[in-house]
Amino acid sequence: MDLKVENGCIKEDKGLGWGKSLPVQSVQEIVRNGYQSVPERYIQEIKDRPSSISSESLQASLQIPIIDFSLLAKGDEHETRKLDLACKEWGFFQIRNHGVQVKILQKMKAAMAAFFELPLMEKKKFAMGANDLEGYGQAYVVSEEQKLDWCDLVALKTLPLEQRNLNFWPLNLPGFKEAVEEYSIEVQKVAEEINANLSILMGMERDGLKRYQGELKQLMRMNYYPPCSSPDLVVGVSPHSDGGSLTVLLQDDDIIGLQIKHKGEWIPVKPIPNALVVNIGDAIEIMSNGVYKSIEHRAITNEKKARISAAAFAYVDDELEIGPLDSMVDDPHRPPMYKKIKYIDYIRQVLARKMDGKALTDLVKIQT
């Protein structure tokens, strides 16, 4: 497998070093300026449009698992089994009683809303660099021809503290830095507890994954999905799986926007007020030797109301070589299903192309 990166994709000295995204027009500004019809670049191919969703009866009967985090953290066997099943069959679950105070969630949502309400020229002060993916703009734009997502975003490296680049943080926006800092620390505790439980389920001690991965890092992607006059023609975020270890999502309490692919059907994730949505990333799928699944998902838009969300991506050190863990390999019954690969090489490939479902995990699978 060729994992070379195109020249110019790596930013020297600063930045994530993961790749770049071409600059495009703000979707929020398209809407503010009173567009007459959806611009052609945002109109998805017929096969990719969200109108092809499961029947209402199927939607009503299927919900992703819901886990009581407080019980999970106490070692409750029933909740642990639910976590195991959720990661095997769904790749997604919602958590209640996660310990993040409601006021912290509310402050985070308010901070995001305040940022996206800034004038465009003010937001552009924090625009992504020419060879970086941190900052304000859009991600995964790799050509002038590809279809675009109906979404603006700001991505910030939030943890560890010493790796933040405050040039991308709107420090003059009252309360923004404090809200993001507080939320990022609390949500990382959630990711670490889930990681510890996955360690046990994968046949290790609680700190097994931590010893293998090191301290998880965190990137926060804050999304703004403007309303769209033709939501059946566009997608907020194209179908993809997440390249990291775990993702913890704070979504709108009132509007359904997230959909996951389950048994070939698109299933909406119904918001539970003050709950968090967690999903398995590609790195955990690879380390679990395919026992746990990183699932394809997308975001849709609606006609009447803007929606915001915050995805906290927990990821491993760039130089770590990821591959199936010894405890998840059982020759000849379950041989290694994935090649070993350095994480930075994997994530660069993820970000160097348009979102395309599970294409990257398929590339590192060992063909039998």
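I started with Glu-181 and Lys-177, which sit four residues apart in helix H7 (residues 176-201), so about one helical turn separates them. Helices here are DSSP runs of H or I with at least four residues, numbered from the N terminus. The two side chains form a salt bridge, with the closest N and O atoms 2.7 Å apart. My cut-off for a salt bridge is a side-chain nitrogen of Lys or Arg within 4 Å of a carboxyl oxygen of Asp or Glu.

Before going on, I noted that this is a predicted model: local features need pLDDT of at least 70, side-chain atom pairs count only at pLDDT 80 or more, and totals for chains, interfaces and linings use all residues. Residues are numbered from 1 along each chain as its sequence is written, and side-chain values use heavy atoms, with hydrogens and water left out.

Next I checked accessibility for that pair. Glu-181 is partly exposed at a relative accessible area of 22%, and Lys-177 is partly exposed at 25%. The classes I used are buried for under 20% relative accessible area, exposed for over 50%, and partly exposed in between, with a 1.4 Å probe and protein chains only.

I then looked at helix H4 (residues 77-89), where Arg-81 and Glu-77 lie four residues apart, about one turn of the helix. They form a salt bridge too, with the closest N and O atoms 4.0 Å apart. Arg-81 is exposed at 52% relative accessibility, and Glu-77 is exposed at 60%.

How many salt bridges does the rule give? I get 19. One of them joins the side chains of Glu-117 and Arg-32, at 3.6 Å from N to O. Glu-117 is in the loop between helix H5 (102-116) and helix H6 (120-123), and Arg-32 is in helix H1 (residues 27-32), so this pair ties together parts that are 85 residues apart in sequence. Arg-32 is partly exposed, at 40%. I also found Glu-29 linked with Arg-32 and Glu-117 in a network of salt bridges.

On to helix packing. I describe two packed helices by the angle between their axes and the distance between the axes. The axes are lines fitted to C-alpha atoms, for helices over the stretch in contact, and the angles run from 0 to 180 degrees between N-to-C directions.

For H5 and H7, the axes come within 9 Å and cross at roughly 135 degrees. That makes the two helices oblique to each other; I count angles under 35 degrees as roughly parallel, over 145 as roughly antiparallel, 65 to 115 as roughly perpendicular and the rest as oblique. Contact means heavy atoms within 4.5 Å, and the residues making it include Ile-104, Met-108 and Phe-115 of H5 and Phe-176, Val-180 and Tyr-183 of H7.

I repeated this for H4 and H7, which pack at about 85 degrees with their axes 11 Å apart. They are therefore roughly perpendicular to each other. Thr-80, Leu-83, Asp-84 and Cys-87 of H4 meet Asn-197, Leu-198 and Leu-201 of H7.

Last, I looked up helix H10 (residues 343-351). Eight of its nine residues are buried, so H10 is largely enclosed by the rest of the structure. The buried residues are Tyr-343, Ile-344, Tyr-346, Ile-347, Arg-348, Gln-349, Val-350 and Leu-351.
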